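Here is a short note for a colleague opening this entry for the first time. Please look through the sequence and the structure before reading the points.

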Amino acid sequence: MATMADVARSAGVSVATVSHVLNGTRPVLPHTRQAVLDAVDELGYTPNTLARSLVTSRTRSIGLAVSAISNPYFTEILQGVEAAALEHGYSLLIADPHDDPRHERKVVQLLHERRVDGMIVAPSPDPGELLAYLGRHKVPTVLLDRVVDLPADGTLVCDQVCAESAGPMARLVTHLAGLGHRRIGMIAGLTGLSTTDERLGGYRDGLAAAGLAYDEGLVAHGDSESAGAAQATAALLSLASPPTALVTANNAMTIGALRSLREHGLSVPEGIALCCFDDFAWADLFSPRLTAIAQPSRDMGAEAVRILLERLAAPDGPARVLRLPCTFVHRTSCGCAEQPLTSVKGTPS
C-alpha cells in the first residue's frame with residue numbers, strides 16, 4: 001500500500017507539501033498541487049483518515065439524528081445531507097431518536113462520543129435535554145426541519161434550517177375556501193413540534209383571510225402518524241356537522257386520513273375535498289391525484305450541511321435561521337383542475 005512518503009518521492013516534493021495538498025491546510029502552487037494529485041492517482045494512495053483525525057482533531061464525519069428515517073420526507077432530507085456531505089469529503093453517522101426526548105439525548109451523546117465534527121438534528125417535541133447537552137459540550141449543530149427557542153443566555157449557538165410552514169398551510173385553506181368550502185377541518189401533527197404550531201397558525205391565518213371563523217372542533221390531532229390521523233379523521237366525520245374539506249399536516253397523516261375516508265365510504269373530492277402538507281413520490285398516482293404542499297426536502301438537507309461546515313470554519317458567528325420556500329402542487333383532490341407549480345412562503349394578504 002502506497003504511503004504519503006511514496007507520493008512525496010513520486011511528485012518530487014516534501015511530505016509536508018503532500019499533507020498540505022490533501023488536507024487543504026496551506027496554499028500550494030497550482031503546478032505543485034497537480035503533481036501531488038497525479039502521484040496520488042498513479043500510486044493509488046488512500047489517506048489514513050484515522051491518523052489524520054489524531055493530528056487535526058477532526059474526523060470529517062457528521063452525525064445525523066432524525067426520527068422516522070423510513071418516512072419518505074426524511075429519506076429525501078437524508079439524501080440531500082448525504083450528497084452534500086460526500087461532495088465535501090465527509091461521512092455520515094445516522095441515528096433515529098424516535099421523537100423521544102430521552103432517547104434523543106442518548107443517541108446524540110453516542111454520536112458525540114464517536115467524535116463527529118458536528119451534528120444535524122431534527123429535534124423532538126421536548127428538546128430540553130438535547131439543548132442542554134449540546135450547549136454543555138459546545139457541539140457545532142444545525143437543527144433541521146423544526147425550529148426551537150435557543151437559551152437566551154447564549155450558552156448554545158445553533159443554526160436552524162427549515163421550510164416555510166404557516167404561509168403554505170394558509171394557502172391550502174384559502175384555496176379550499178375559494179372553492180366554496182366553509183367547514184374546513186384540519187388533521188394536525190404532534191403537539192410540541194414547531195411544525196405543528198406553525199401549520200396550525202397557518203390554518204387559522206387562512207381561515208381569517210377567507211373571512212371564516214376558527215372552530216376548535218374542526219381540528220383533530222393525528223400525532224404526525226398514519227394511525228393517529230385515521231382516528232382523528234373519524235372523529236371529525238362523526239361531528240353533527242362534519243367538514244366538507246380536510247387539510248392534513250404531513251404525508252403520514254394523509255395516508256391515515258385517506259384510509260379513514262375510504263372506511264366511511266367517502267370519495268375524494270366528490271364526498272370531501274382533501275389537501276395535504278408534504279408531497280411524495282406517489283402522490284400523483286392516487287385517484288384523485290393529491291393537491292399538496294411540496295417541501296424542498298433535499299435542498300434542506302444540503303443547506304444544513306453547508307451551514308454546518310460554515311459553522312465549523314467560523315464557530316463564533318451569530319446563529320442563523322434559514323427558511324426555504326415550499327411549492328403548491330395543484331392536482332385534483334381539492335376538486336378542481338391541475339395548475340402550474342408555484343412557490344409559497346409568508347402568509348396571505
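1. The model is predicted. It holds 11 salt bridges. Side chains of opposite charge can pair when their charged atoms come close.

2. D99 and R146 form one of these salt bridges, with 2.7 Å between the closest N and O atoms. D99 sits in the loop between β2 (91-95) and α6 (101-113), and R146 in the loop between β4 (141-144) and β5 (159-163), so the bridge ties together parts 47 residues apart in sequence. D99 is partly exposed, at 22% relative accessibility, while R146 is buried, at 7%.

3. D215 pairs with R183 in a salt bridge whose closest N and O atoms are 3.7 Å apart. This pair links distant parts of the chain, 32 residues apart: D215 belongs to the loop between α9 (194-209) and β7 (219-221), and R183 to the loop between α8 (166-178) and β6 (184-188). D215 is partly exposed at 32% relative accessibility, and R183 is partly exposed at 26%.

4. A salt bridge also joins D279 and R331, where the closest N and O atoms are 2.9 Å apart. Here the distant parts of the chain are the loop between β9 (273-277) and β10 (291-294), which holds D279, and the loop between β12 (326-329) and β13 (342-344), which holds R331; the two residues are 52 apart. D279 has 25% relative accessibility and counts as partly exposed. R331 has 8% and counts as buried.

5. Helix α3 covers residues 30-43. At 1.5 Å a residue, its 14 residues should span 20 Å, and the end C-alpha atoms are 20 Å apart, which agrees. After α3 comes G44, with a positive phi near 70°.

6. Which residues of α3 are buried? T32, V36, A39 and V40 are. Seen down the helix axis, the buried residues of α3 fall within an arc of 100°, so they line one face. An α-helix has 3.6 residues a turn, so residues three or four places apart point the same way.

7. The buried residues of α3 pack against α1 (4-11) and α2 (15-23). On the other side of α3, the residues P30, H31, D41 and E42 are exposed.

Notes. Residues are numbered from 1 along each chain as its sequence is written. This is a predicted model: local features need pLDDT of at least 70, side-chain atom pairs count only at pLDDT 80 or more; totals for chains, interfaces and linings use all residues. Side-chain values use heavy atoms; hydrogens and water are left out. A salt bridge is a side-chain nitrogen of Lys or Arg within 4 Å of a carboxyl oxygen of Asp or Glu. Helices (H or I, at least four residues) and strands (E, at least two) are DSSP runs, numbered from the N terminus. Buried means under 20% relative accessible area, exposed over 50%, partly exposed in between (1.4 Å probe, protein chains only). The expected span of a helix is 1.5 Å times one less than its number of residues. The arc is that of the directions from the helix axis to the C-beta atoms. Contact means heavy atoms within 4.5 Å.
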